[in-house]
Amino acid sequence: MILGNDGGINITYDNGDNWFKANSPSVGQFYAISVDNARPYKVYGGLQDNGTWTGYTRRQRTSDASFDTLQYRMVGGGDGMMILADPRDNKTVYYGSQFGAYTRSHLDTGGVLSVRPSHSLGEMPYRFNWLTPIVISRHNPDVFYIASNRVHRSLNKGANLQTLSDDLTNGKKEGDVPFGTISTLSESPLRFGLLYAGTDDGNIHVSKDGGYSWTLISSKLPKGFWVTRVYASHHKEGRVYASFNGYRNDFFKPMIFVSDDYGANWKPVNGNLPLEPVNVIREDHKFENILYAGTDGGFYVSKDGGVTWNIWKNGLPHAIPVHDIAVQERENEILLGTHGRSIYVADLNEIHGLAPKKEPAGPRRFFEED
């Protein structure tokens, strides 16, 4: 018997007395992925029903000079969500499972600290998205952000969390899972304290003062759709991208927008993308006109700022849902977190060769220690 489930494939040859997990082909469902700046670098990711993991993109040599495996190790359990490494030591990690159950730990020494905010006595309980967003500040990695239906911040690596915002959603809705939650959170790599938050019910807010005040900037955007990403630009301080998913509404038109004035005005950049919900949008770290988009049907690249898009499918399975994109800037590699076919990695040199040569290099990168 062969059993397919949300944790993979299991097979028995003795009528169910003994089962083994079939790990080939790789059928992992990654919600989120990230990378560190170690040499060689590691990739981190959260798997549906299989916890959070970290490992290498290439096989590493062992002490006897033979090649070991990819050396993946499990960090946490549950439904694995986001996992981020402190760029100063590449060992301190923030990881979690569904509905905001996040922890800070050290991969070598252990020891855990819960970094899930709790409401005060007399307050309404916070509502956490299934995939609760977290952010480590690029400007000061002691600063850690996590979002419920409100935005919370720690100035001490997840300890002493402070609630910064009011409820940024349209309010609670009854159902089997929390709704009216913040689904995406982004900090500008160019300006400390410039933050964007998007919600599962269509709101996007900006804060220009470190989270103390927030302004709604989505009134000119489609209403009521799930905000899959807000993404602050590497190249222009006022530029921000937003993507929406209308899956819940049986609306499959791709929705990607960009603003160059902190969200005051928006224009669509979905170009000729097919009728597939957009899960993630990312700007290239070196060339401002190169954009990457992950949809329910594949991975797409634009070299003209979203006017036209081309599918990048060489080496990828047909119609693969891409839910997250990470870039290792030092190695100039891009990684895709997929639903059903695990993680893929590719070199960006050929894509960068298509960009106009007059464009400047991206901003300097922070904390690239081993």
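Strands β29 and β30 (residues 343-347) pair in the antiparallel sense over 5 bridges; strands are DSSP runs of E of at least two residues, numbered from the N terminus, and two strands pair if DSSP finds at least two bridges between them. The model is predicted, with local features requiring pLDDT of at least 70 and side-chain atom pairs counted only at pLDDT 80 or more, whereas totals for chains, interfaces and linings use all residues. Residues are numbered from 1 along each chain as its sequence is written, and side-chain values use heavy atoms, without hydrogens and water.

Within the pair, Gly337 stands opposite Ile343 in β30. The hairpin of β29 and β30 has 4 residues between the strands, and Gly340 takes a positive phi near 115 degrees. β29 also pairs with β28, in the antiparallel sense over 6 bridges, and Val327 stands opposite Ile334 in β29. This second hairpin likewise has 4 residues between its strands, with Asn332 in the turn at a positive phi of about 55 degrees.

In β29, 6 of 6 residues are buried, that is, under 20% relative accessible area with a 1.4 Å probe, protein chains only. Glu333, Leu335 and Gly337 lie on one side, and Ile334, Leu336 and Thr338 on the other. In a regular strand the side chains alternate between the two faces of the sheet.

How values were computed. Buried < 20%, exposed > 50% of the residue type's maximum accessible area, 1.4 Å probe, protein only.
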